[in-house]
Amino acid sequence: MQQNLKPEEREVIKLVSFFRKKAEKLMEEKKLPEEYGQLLETSDKLVEQINIHAKNRETILNERTQLQSMIKENAQCPKCSKNDKLKRTGTDKSPRGWKSNKYKCRGCNIEFVWNAPNNPWDMIPYVEHFVEQLKSKLQNEPDEFTRTQTQAVIQQMEANIAKLKPVVEASDLDLADLETREKEMAEVVHKFKKHLMIEKIRIED
């Protein structure tokens, strides 16, 4: 049985298995109408749907986890500029709404919030804001070399964001679809569980 099933999904699959064994035995003994074969068919189809949905859920959530891990931090203590004694202690939100990691340096015994987002979703507006700041400074930059270097940085950042945006947007759409399907599946599973429990009582009487 899949590990990624929700408790009620797991219960229904166990119930279907039990019901099938009992119903098939009674049908062989001619103690149960053949019509119950249709209920067994419906049960099997639901179990198949549950397993497909659970697999889809696992895939989407795993992709979200992988997307989250795309952000590689090189956090350093602002006091000693080292990272070998850092311990992540939580997260904090900037005034602009970006979530960043909070650290404690065990060497300097200080806590600080790293100055960049800890996830791709916040990284997009963060970089876009940074790019706007660079472009603003560029307008008043007299040094040609500095202007060229800054333009190259801006182009690189914009290229990175252009790659990241569609990936994040696709993941958000997948999650929204999953959440809709989760509600639908939960309702179907709950109703069918109640129906099957009633039928189970009937054939056990």
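Strand 1 and strand 2 (residues 99-105) run antiparallel and are joined by seven bridges. Two strands count as paired if DSSP finds at least two bridges between them. Helices (H or I, at least four residues) and strands (E, at least two) are DSSP runs, numbered from the N terminus. The model is predicted; local features need pLDDT of at least 70, side-chain atom pairs count only at pLDDT 80 or more, and totals for chains, interfaces and linings use all residues. Residues are numbered from 1 along each chain as its sequence is written, and side-chain values use heavy atoms, with hydrogens and water left out.

Lys87 faces Lys104 of strand 2. Thr91 stands opposite Asn101, also in strand 2. The hairpin formed by strand 1 and strand 2 has five residues between the strands. Within this hairpin, Gly97 adopts a positive phi near 95°.

The sheet is open and contains three strands in the order 1-2-3, with antiparallel pairing. Strand 1 (86-93) and strand 3 (110-113) form the edges, each pairing on one side only. On average, neighbouring strands of the sheet are turned by 25° against each other, direction ignored. For such angles, axes are lines fitted to C-alpha atoms, for helices over the stretch in contact, and values run from 0 to 180 degrees between N-to-C directions.

Turning to the helices, Pro120 lies in helix 3 (residues 120-138). Its relative accessible area is 0%, so Pro120 is buried. Buried means under 20% relative accessible area, exposed over 50%, and partly exposed in between (1.4 Å probe, protein chains only). Beyond residues up to four places away in sequence, Pro120 touches Leu67, Gln68, Ile71, Leu164 and Val168. Contact here means heavy atoms within 4.5 Å. Pro120 and Met197 are separated by 77 residues in sequence and by 45 Å in space, C-alpha to C-alpha.

Ser171 belongs to helix 4 (residues 144-204). Ser171 counts as buried because its relative accessibility is 10%. With Arg64, a polar contact links the two side chains at 3.0 Å. A polar contact is a pair of N or O atoms within 3.5 Å; within protein, one must be able to donate a hydrogen and the other to accept it, and residues adjacent in sequence count only if both atoms are side-chain atoms.
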